[in-house]
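Good morning, and thank you for making time for this presentation.

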Amino acid sequence: MSDLSNPVARPSGTVRVWDLPLRLFHWLLAATILIAFLSAEEESQLTPWHRTAGWVAALLIVFRVIWGLVGGEHARFTDFLKPHRIAHHLARLFSGHPERSVGHNALGGMAIVALLGMVVAIVYSGVTLRGDAGEGLHEALSNALLALVALHVIAVIAMSLLTRENLIIAFITGKKRADLHPGVTDARPPLPLAMPIAALVISGSAYGATRADPTAFTPGTHAPAAEVNAGDRDDD
């Protein structure tokens with residue numbers, strides 16, 4: 001994959017920002033969340049995929065955490081987790097002079113953490129909690145995630161208009177206009193062993209998921225982890 005290498009040549013007038021694995025994660029998570037919501041209703045034709053979508057989302061979160069440590073420059077947590085910059089970002093925004101950011105801005109960085117944390121909470125509640133209370137919490141968290149996603153989309157569109165920079169296209173191509181970011185060079189690529197490390201961790205996590213729930217990645221089966229473990233105890 002060319003995005004993981006360090007090529008000198010690039011299209012004139014652009015600067016490379018987002019690496020390919022990060023972009024794939026972003027759109028795959030969006031698709032997985034959409035499937036999870038569409039499959040939440042019992043009469044939905046996608047219902048058999050609901051539990052599987054949750055486990056896939058969990059693996060994607062694992063990848064994002066690893067990639068936040070070994071991924072490309074602007075994928076790393078150290079690049080965008082800057083809560084001390086939020087006040088400055090908001091001040092520029094409300095003054096009518098929004099600041100363009102090469103990677104995620106400070107507020108966007110905190111939103112990413114909130115979204116990832118919410119997905120983790122939803123997966124955990126779906127796998128471990130039972131009964132009406134558990135289902136109620138799972139649904140409440142899912143609705144909160146939906147609200148966060150809507151806010152995220154609105155914020156991206158608003159910042160695209162205010163900064164006159166199409167952030168959606170940037171996260172598809174991985175590039176931004178160089179004239180809007182003078183003096184900025186291509187982002188540093190992921191670490192040399194980033195992909196093998198990510199693959200190893202994800203493989204281990206997938207194995208762990210199937211140990212906790214043998215039906216995790218088998219659409220159409222419903223064997224909650226708690227019931228599986230109970231069955232194992234009965235056999236002893």
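Predicted model: local features only at pLDDT ≥ 70, side-chain atom pairs only at ≥ 80, totals over all residues.

Helices here are DSSP runs of H or I with at least four residues, strands are runs of E with at least two, and both are numbered from the N terminus. F63 has a relative accessibility of 10% and therefore counts as buried; W67 is buried as well, at 0%. Buried means under 20% relative accessible area, exposed means over 50%, and partly exposed lies in between, with a 1.4 Å probe and protein chains only.

Residues are numbered from 1 along each chain as its sequence is written, and side-chain values use heavy atoms, leaving out hydrogens and water.

Ring pairs join F63 and W67 with F25 into a cluster. Rings of Phe, Tyr and Trp (for Trp, the six-membered ring) pair if their centres lie within 6.5 Å; planes under 30 degrees apart count as stacked, over 60 as edge-to-face and the rest as tilted.

How many aromatic pairs does the structure hold? There are 4. One of them is W18 with F171, a tilted pair at 4.7 Å centre to centre, with 35° between the planes. W18 sits in the loop between β1 (14–16) and α1 (20–38), and F171 in helix α7 (residues 167–173), so this pair ties together parts 153 residues apart in sequence. Both W18 and F171 are buried. The pair of F63 and W67, by contrast, is stacked, with 5.2 Å centre to centre and 20° between the planes.

I turn now to helix packing. The axes of α2 (residues 50–70) and α8 (residues 194–212) come within 10 Å and cross at roughly 150°. This makes α2 roughly antiparallel to α8. Axes are lines fitted to C-alpha atoms, for helices over the stretch in contact, and angles run from 0 to 180 degrees between N-to-C directions. Angles under 35 degrees count as roughly parallel, over 145 as roughly antiparallel, 65 to 115 as roughly perpendicular, and the rest as oblique.

Which residues meet across these helices? From α2 they include W55, L59, F63 and W67, and from α8 they include M195, I197, V201 and S205; contact means heavy atoms within 4.5 Å. The residues of this contact of α2 with α8 divide into 15 nonpolar, 1 polar and no charged. Ala, Val, Leu, Ile, Met, Phe, Trp, Tyr, Cys and Pro count as nonpolar, Asp, Glu, Lys and Arg as charged, and the others, Gly among them, as polar.

Helix α1 contributes L29, which is buried at 10% relative accessible area. Leaving aside residues up to four places away in sequence, L29 touches A57, L60, I61 and L116.

Finally, the whole chain comes to 9 helices and 2 strands, and 36% of its 236 residues count as buried.
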